[in-house]
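Subject: Structure handover and notes

Dear colleague,

I am passing on the structure that you will find just below, together with notes on its side-chain contacts. Please read the notes with the coordinates open beside them.

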Amino acid sequence: MTSATQPAGINRLELVTYGVLWTAALVWSLGGPSDGITLFLEVLPVLIVMPLMIVTRNSFPLTPLLYRLAFIHGLVLILGGYYTYAEVPLGFWIQDWFDLTRNNYDRIGHFFQGFVPAILAREILLRKTALQRGKLMFYIVVSICLAFSAFYEIIEWWAAAALGMGAEDFLGMQGDEWDAQWDMCMALVGAVLAQVFLSRRHDRQLAAIAAARAAG
């Protein structure tokens, strides 16, 4: 990969490292997961995104910020898929630390479901459309993330209908009748916070990519 296709500091070694670590995590997850179907359903986004990142790294290189967020999000999904979200040890530790009534690892997962796609949506819209930075962009990105989160809840519903009681691990409701609403709320919070705290950094990296491509 030439410097022109990695203008904001991303390099091939870094991307390869992410791929190797993701692959290692996926292999680890095959060693006795709590539920094989749940594992597959939860890590499916990783299995889709990893090849896409490899295929597009020259023609449409992403900002380092987005690559790094996607990597972290992938690990969150793999961990949740291995244990099932209701049984992830980290969630139990948080439950004990804050004296909570349930394992809230699924809340973390849905937060990332808004946080990372917000940067992805923002990057695609700014690079591929005439939309400009501002309140309208902020609103559209949040709307996209909420729509994605709602669609994911529909997928969970389909899984529940198809798998019956076996879908409880995938749904991770833990008896909470408002689980779907909490999931979408966490995605909303993630989408808002990602734009509030990362937009300037994201803009600098987007500008670096645009400058390098114009020069090269």
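The notes that follow take up salt bridges, aromatic rings, a surface patch and the cysteines.

The model is a predicted one, so local features need pLDDT of at least 70 and side-chain atom pairs count only at pLDDT 80 or more, while totals for chains, interfaces and linings use all residues. Residues are numbered from 1 along each chain as its sequence is written, and side-chain values use heavy atoms, with hydrogens and water left out.

Salt bridges

A search of the whole structure gives nine salt bridges, a salt bridge being a side-chain nitrogen of Lys or Arg within 4 Å of a carboxyl oxygen of Asp or Glu. Asp179 takes part in one with Arg102, where the closest N and O atoms are 3.5 Å apart; because Asp179 lies in helix H8 (residues 179–215) and Arg102 in the loop between H4 and H5, this pair ties together parts that are 77 residues apart in sequence. Helices here are DSSP runs (H or I, at least four residues), numbered from the N terminus. Asp179 also meets Arg107 in a salt bridge, at 3.1 Å from N to O, and since Arg107 belongs to helix H5 and Asp179 to helix H8, the parts joined are 72 residues apart in sequence. Asp179 is buried at 2% relative accessibility, and Arg107 is buried at 8%, where buried means under 20% relative accessible area, exposed over 50% and partly exposed in between (1.4 Å probe, protein chains only). Arg102, Asp106, Arg107, Asp179 and Asp183 are linked in a network of salt bridges.

Elsewhere, Asp203 forms a salt bridge with Arg133, with 2.7 Å between the closest N and O atoms. Asp203 counts as buried at 19% relative accessibility, whereas Arg133 is partly exposed at 45%.

Aromatic rings

The count of aromatic pairs comes to ten, for rings of Phe, Tyr and Trp (its six-membered ring) with centres within 6.5 Å, planes under 30 degrees apart being stacked, over 60 edge-to-face and the rest tilted. One of them is the tilted pair of Trp28 and Tyr82, at 4.2 Å centre to centre and 35 degrees between the planes; it links Trp28 in helix H1 (residues 12–29) to Tyr82 in helix H3 (residues 64–83), 54 residues apart. Trp28 is partly exposed at 40% relative accessibility, while Tyr82 is buried at 13%. The rings of Tyr85 and Tyr105 have their centres 5.5 Å apart and their planes at 35 degrees, so this pair is tilted. Ring pairs also join Tyr18, Trp22 and Phe71 into a cluster.

Surface patch and cysteines

A nonpolar patch on the surface is formed by Phe40, Leu44, Leu47, Ile48, Val49 and Leu52, with about 500 Å² of accessible area together. Patches are made of residues with over 30% relative accessible area and no salt bridge, with like charges joined within 9 Å and nonpolar side chains (Val, Leu, Ile, Met, Phe, Trp, Tyr) within 5 Å; the areas come from the Shrake-Rupley method with a 1.4 Å probe, and for residues only the protein chains shown count as cover. Ile48 is placed in helix H2 (residues 36–55).

The count of disulfides is zero, a disulfide being a pair of cysteine sulfur atoms within 2.5 Å. Cys145 is buried at 1% relative accessibility, and Cys185 is partly exposed at 33%.

Definitions and conventions:
Helices (H or I, at least four residues) and strands (E, at least two) are DSSP runs, numbered from the N terminus.
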